[in-house]
Amino acid sequence: MHSIGIFMYHPIELSGMMNIFKNEENFHHVKGFWVLTDLLNYIQAQPLDGLILDLFDLEAEGQLIIQQIYEKTPDVKVIILGGDKSGHLIQNMMQMGAHAYLIKGESTAFKLKEAVRKVFTGETFLDAKIEKRLWNPFAEDAPRRDFDFQVSKREKEILVLIKRGLTNKEIADQLCIALNTVNTHRKNLMLKLDVKNIIGLCKKVTELGLEDGE
């Protein structure tokens, strides 16, 4: 059972979104916000497991908002509803720790529920249209996909420990780093290596020749 918060910029939209999740058996607590400061104050006092953020009208401030959220509750799983204007902004928000990104106005209740379900099983979720733009080197405003990137030493260590079946907390304890740092590294690795889940990451350990943890 999970607790989830929903931030929608418009109260009427918030009411509709609350109706989608209020009867879901996997959530014991659904809390709605339409004032950002109310959300930030709430999660500082009472962390939530998941958070659906409507950033369609706040896209330019999206990175700052996500930073503020993770400073107050580093383990929350963030699902973003936004536009599809800037691939760079979307990629940056995912690299900062967001778990899913859907295009507002083009996403159905079914797709949103699917995204929430996946992030609570440790996966990331990108709207198919966004995913195509992010990884298409010829798309307008799409960030360059470079397969010659270097996986850092720390990322290699985390990949090997993931392959060994350690949880994020166990990895954080073993490497003496913050849990949120592990979460961020894992999300970045999924984007870098173009995989959707832990199984994909484990396969990359073998492909990259990291079985011995080098």
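Mentor: Start with helix H8, residues 168–175: its buried residues are Asn 168, Ile 171, Ala 172 and Leu 175. Down the axis of H8, these buried residues fall within an arc of 100 degrees, so they line one face of the helix. That arc is taken from the directions from the helix axis to the C-beta atoms. An α-helix has 3.6 residues a turn, so residues three or four places apart point the same way. Buried means under 20% relative accessible area, exposed over 50%, and partly exposed in between, with a 1.4 Å probe and protein chains only. Helices are DSSP runs of H or I, at least four residues, numbered from the N terminus.

A word on the source. This is a predicted model: local features need pLDDT of at least 70, side-chain atom pairs count only at pLDDT 80 or more, and totals for chains, interfaces and linings use all residues. Residues are numbered from 1 along each chain as its sequence is written, and side-chain values use heavy atoms, leaving out hydrogens and water.

Now the neighbours. The buried residues of H8 pack against helix H7 (153–163) and H9; contact means heavy atoms within 4.5 Å. After H8 comes Cys 176, with a positive phi near 60 degrees.

Next, H9, residues 179–193, which holds Asn 183. Asn 183 is buried, at 13% relative accessible area. Its side chain makes a polar contact with the side chain of Asn 168, at 2.6 Å. A polar contact is a pair of N or O atoms within 3.5 Å; within protein, one must be able to donate a hydrogen and the other to accept it, and residues adjacent in sequence count only if both atoms are side-chain atoms. Leaving aside residues up to four places away in sequence, Asn 183 touches Pro 74, Asp 75 and Asn 168.

Methods: Helix = DSSP H or I, 4+ residues; strand = E, 2+ residues; numbered from the N terminus.
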